[in-house]
Amino acid sequence: WIIGANVLLFLLSLINQDVIFEYLGLIPIIFLERPWTIISNMFVHASISHIFFNMLTLFFFGRALSMLLGVNRFLLVYFIGGIAGNILYLLLAPPLSVAVGASGAIFAVTGALVMLMPNLTVRLYFFIPVRLWIVVLVFFGIASVPGVMPGIAWQAHLGGLVFGLAAGYYFKRKM
């Protein structure tokens with residue numbers, strides 16, 4: 001249902017993206033006037049590639065994490081990780097910037113999966129085996145370098161990833 005809600009809101013945003021971003025996107029300077037945006041921005045995406053890659057990652061890694069932890073714990077990691085990423089965004093981003101996307105929540109899910117299955121290998125381009133933690137590290141590194149991927153909310157990625165790693169560590173100790 002998370003993927004469905006994201007796709008539905010993306011399709012609605014095609015009608016008037018500016019309005020959707022203004023009322024559902026996370027904007028630090030007006031956050032206190034629109035506190036719902038700490039969650040609503042996780043369902044809004046800026047482009048077809050943005051939603052495609054976020055939802056593709058959620059489909060594969062979210063399913064794996066859900067099977068390991070169960071649906072309720074998965075949802076906790078997803079939403080609290082997304083909120084943690086958004087809090088870091090609020091603290092570190094320019095006041096007039098707008099954050100949209102589920103990337104903080106996706107990084108939380110991926111971080112938890114890295115902690116629970118540190119040797120998990122994924123296949124890039126269907127044939128190159130790479131450890132998941134290396135993929136996360138490289139993508140986060142690229143997305144965090146100013147100017148390489150403009151408009152990327154690295155703060156949300158970092159907050160989600162740190163929360164996901166901590167949650168994964170916690171759940172691994174409980175298993």
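Buried residues are those under 20% relative accessible area, exposed residues those over 50%, and partly exposed residues those in between (1.4 Å probe, protein chains only). By this scale I128, at 36% relative accessibility, counts as partly exposed.

The structure is a predicted model, in which local features need pLDDT of at least 70 and side-chain atom pairs count only at pLDDT 80 or more, while totals for chains, interfaces and linings use all residues. Residues are numbered from 1 along each chain as its sequence is written, and side-chain values use heavy atoms, with hydrogens and water left out.

## Nonpolar cores

A nonpolar core is here a set of buried Ala, Val, Leu, Ile, Met, Phe, Trp, Tyr and Cys residues joined through side-chain atoms within 4.5 Å. The largest one holds 35 residues, and the members that touch the most others are L58, L65, F74, V77, Y78, V109 and L132. Two or more residues each are given to this core by α1 (2–13), α2 (17–24), α4 (48–69), α5 (71–92), α6 (103–116), α7 (132–144) and α8 (154–174). Helix α6 supplies the largest share, nine residues. Helices (H or I, at least four residues) and strands (E, at least two) are DSSP runs, numbered from the N terminus.

Helix α6 is mostly covered, with 13 of its 14 residues buried. Its span from first C-alpha to last is 20 Å, close to the 20 Å expected at 1.5 Å a residue; the expected value is 1.5 Å times one less than the number of residues. Contact means heavy atoms within 4.5 Å. Not counting residues up to four places away in sequence, V109 touches F61, G62, L65, F74, V77 and Y78. A second, separate core comprises eight residues, among them I38, Y89, A153 and A156.

## Surface patch on the nonpolar side chains

In soluble globular proteins, nonpolar side chains tend to be buried together. What is the accessible area of the nonpolar patch formed by F52, F53, L56, F59 and F60? Together these residues have about 510 Å² of accessible area on the surface. Such areas come from the Shrake-Rupley method with a 1.4 Å probe, and for residues only the protein chains shown count as cover. Patches are made of residues with over 30% relative accessible area and no salt bridge; like charges are joined within 9 Å, and nonpolar side chains (Val, Leu, Ile, Met, Phe, Trp, Tyr) within 5 Å.

F60 is placed in helix α4 and is exposed, with a relative accessible area of 51%. F53 also lies in helix α4 and counts as exposed at 51% relative accessibility. F53 and L165 are 112 residues apart in sequence, and their C-alpha atoms are 21 Å apart in space.

## Salt bridge

A salt bridge is a side-chain nitrogen of Lys or Arg within 4 Å of a carboxyl oxygen of Asp or Glu. A search of the whole structure finds one: the side chains of E22 and R34 meet at 3.9 Å, N to O. The pair links distant parts of the chain, with E22 in helix α2 and R34, 12 residues apart from it, in the loop between α2 and α3 (37–40). E22 counts as partly exposed at 37% relative accessibility, whereas R34, at 14%, counts as buried.

## Individual positions

N41 lies in the loop between α3 and α4 and counts as buried, at 1% relative accessibility. Leaving aside neighbours within four places in sequence, N41 is in contact with L24, G25, L26, N86, A99, V100 and G101. S13, in helix α1, is likewise buried at 2% relative accessibility. Beyond its neighbours within four places in sequence, S13 is in contact with I20 and H45.

L124 belongs to strand β1 (residues 121–124) and is partly exposed at 33% relative accessibility. Not counting residues up to four places away in sequence, L124 touches V130 and V135. I128 is found in strand β2 (residues 128–131); with the same exclusion of residues up to four places away, I128 touches V122 and R123.

The table lists C-alpha separations for three pairs.

| Pair | Separation in sequence | C-alpha to C-alpha distance |
|---|---|---|
| N41 and A99 | 58 residues | 6.8 Å |
| L124 and V135 | 11 residues | 9.0 Å |
| I128 and I38 | 90 residues | 37 Å |
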